[in-house]
Amino acid sequence: MDQITQLRELTPFLRDRNPQVRQVALSNLLPYTPRGSPHRDIFYEGLQAGGLQEPKENNLIRDLKLLCRDQLDVAHDAFRALVNLSDSSLLMALLTESTFLTFIVAYIINPQSVLADLAAMLLSNLSSSSTTCAAIASMRVEVISEPKLANSWYPTQSRCGSCPAPVPYPSGEPRQVAALPLLLDAFIHGAQVEEDLSKRTRKGQLHFLASVFANLASSSVGRDFFFTPHPKHLVDPQDDHLEYPLSKIVTFTEHKDTIRRGGVASAIKNCAFHVRGHRALLTPESTTIAVPPSNRPAPGIDVLPFLLLPLAGPEEFDLEDQEKLLEPLQFLPPTKKREMDIVIRLTHVETLLLLCHTRWGRDYLRQHGVYEIVRVAHENESEDKVQEHIERLVQLIKGDESNNPLAEEEELEGTDQEANTGNRKQELEGTIIRETSGNEIDEDDIIEEV
């Protein structure tokens with residue numbers, strides 16, 4: 001009997017009543033899911049996509065989706081398998097069908113989900129599709145308010161073998177709320193978890209959600225979300241304290257995890273393609289400002305310190321230059337280190353270049369010590385491409401405005417309606433800047449959990 005036949009004979013056991021049998025069958029199939037593995041095509045047999053036909057899934061993919069709801073050990077391997085297989089365009093429509101995608105999002109949102117990090121990795125891969133991003137942006141999940149729970153609410157669609165319902169079950173009435181703000185809130189709480197899993201309120205760190213936000217921000221619907229003020233208390237419709245969603249994640253540009261800070265850097269950069277949002281991006285939190293065409297103000301995002309801190313080192317400035325710096329960048333300790341990842345450093349410089357699109361933006365950068373920071377960063381930079389972008393940035397900041405070819409804000413208002421938003425670019429005096437995904441710090445765009 002050849003190996004392919006043996007693998008095919010394992011698939012019926014994924015539906016066996018005995019969980020141990022399901023686990024053994026899945027553990028024997030899992031090694032064939034990573035890219036380049038022999039006989040991987042077995043997972044794609046019979047799949048149909050394209051044209052006018054509805055996507056059709058085979059039994060194996062349907063079983064893997066169902067097994068993500070199974071008990072812990074089985075669900076763990078099922079999530080790993082789908083993370084590995086999600087590099088295929090054939091699977092994209094099948095893994096993002098409404099019921100399964102809603103389950104993944106609700107599962108990530110629930111603090112008690114032990115496998116939330118694997119689910120976030122899967123969602124990161126799936127969000128490389130603009131269709132998935134649109135679905136996430138418009139998705140609503142069902143929650144029940146319950147003050148005794150860690151989150152004060154329970155997402156009902158997360159219930160499964162690795163995340164059972166609370167006991168006693170919440171008695172309130174379920175209601176539909178927007179999923180994306182809850183994902184953002186989960187991402188923030190994930191950064192605060194303890195290392196000991198048994199002591200965590202939230203079981204997952206959710207670093208890979210940063211890649212999801214970066215992919216969302218590469219679309220107009222995603223940028224609209226990040227620049228639309230939302231209540232601070234997500235499930236309280238009476239809350240009148242507003243904030244820009246982007247302001248909640250900019251603080252992670254110096255987080256210790258490379259995936260988290262890289263995805264956040266890409267999300268900020270992609271949001272900077274929205275020229276109307278530049279003033280809100282740079283305005284301090286002490287001042288409220290609205291992003292046109294909306295007239296709803298919220299505290300400014302104050303992004304500049306979070307772009308410059310990763311580019312700053314331990315160097316001392318003379319008193320005159322020190323006074324030009326923003327307060328968080330003054331008198332940095334001798335232990336201060338620059339961002340180690342080349343791609344992330346480049347991303348921050350490209351964001352600063354995008355913020356130079358208007359005269360107001362260039363003036364703001366001039367007045368708040370950007371030149372002083374990037375001048376020293378250039379002296380310590382070893383990567384040619386980063387050096388070149390810093391030089392272009394310095395030319396814009398220190399150049400003569402009377403000869404500056406860049407248009408003013410009102411002339412750029414149509415920029416965000418340009419076609420092909422997934423691969424849009426801006427050109428600043430020969431420097432082409434493209435939107436990026438949150439996975440660009442990896443060798444490949446697709447994450448593999450082998």
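1. Contacts first: taking a contact as heavy atoms within 4.5 Å, 66% of those in the chain between residues at least 6 apart in sequence join residues at least 24 apart. This is a predicted model, in which local features need pLDDT of at least 70 and side-chain atom pairs count only at pLDDT 80 or more, while totals for chains, interfaces and linings use all residues. Residues are numbered from 1 along each chain as its sequence is written, and side-chain values use heavy atoms, with hydrogens and water left out.

2. On the overall make-up, the chain has 19 helices and nine strands, taken as DSSP runs (helices H or I, at least four residues; strands E, at least two) and numbered from the N terminus. Of its 450 residues, 55% are buried; buried means under 20% relative accessible area, exposed over 50%, and partly exposed in between, using a 1.4 Å probe and protein chains only. The accessible surface comes to about 20300 Å², and carbon and sulfur atoms hold 49% of that (Shrake-Rupley method, 1.4 Å probe; for residues, only the protein chains shown count as cover).

3. Now the salt bridges: there are 18 of them, each being a side-chain nitrogen of Lys or Arg within 4 Å of a carboxyl oxygen of Asp or Glu. Have a look at R8 and E45, whose closest N and O atoms are 2.6 Å apart. R8 sits in helix α1 (residues 3–10) and E45 in the loop between α2 (19–29) and α3 (59–67), 37 residues apart. R8 is partly exposed at 40% relative accessibility, and E45 is partly exposed at 34%.

4. R22 and D70 also pair up, at 2.7 Å from N to O. Because R22 lies in helix α2 and D70 in the loop between α3 and α4 (72–85), this pair ties together parts 48 residues apart in sequence. Both R22 and D70 are buried.

5. K336 and E254 form a salt bridge too, at 3.2 Å from N to O. Here the loop between α15 (319–322) and α16 (342–354) supplies K336, the loop between β5 (242–243) and α12 (258–271) supplies E254, and the two are 82 residues apart. K336 is buried at 12% relative accessibility, whereas E254 is partly exposed at 41%.

6. One more item on charge pairs: D321, K324, E372 and R375 are linked in a network of salt bridges.
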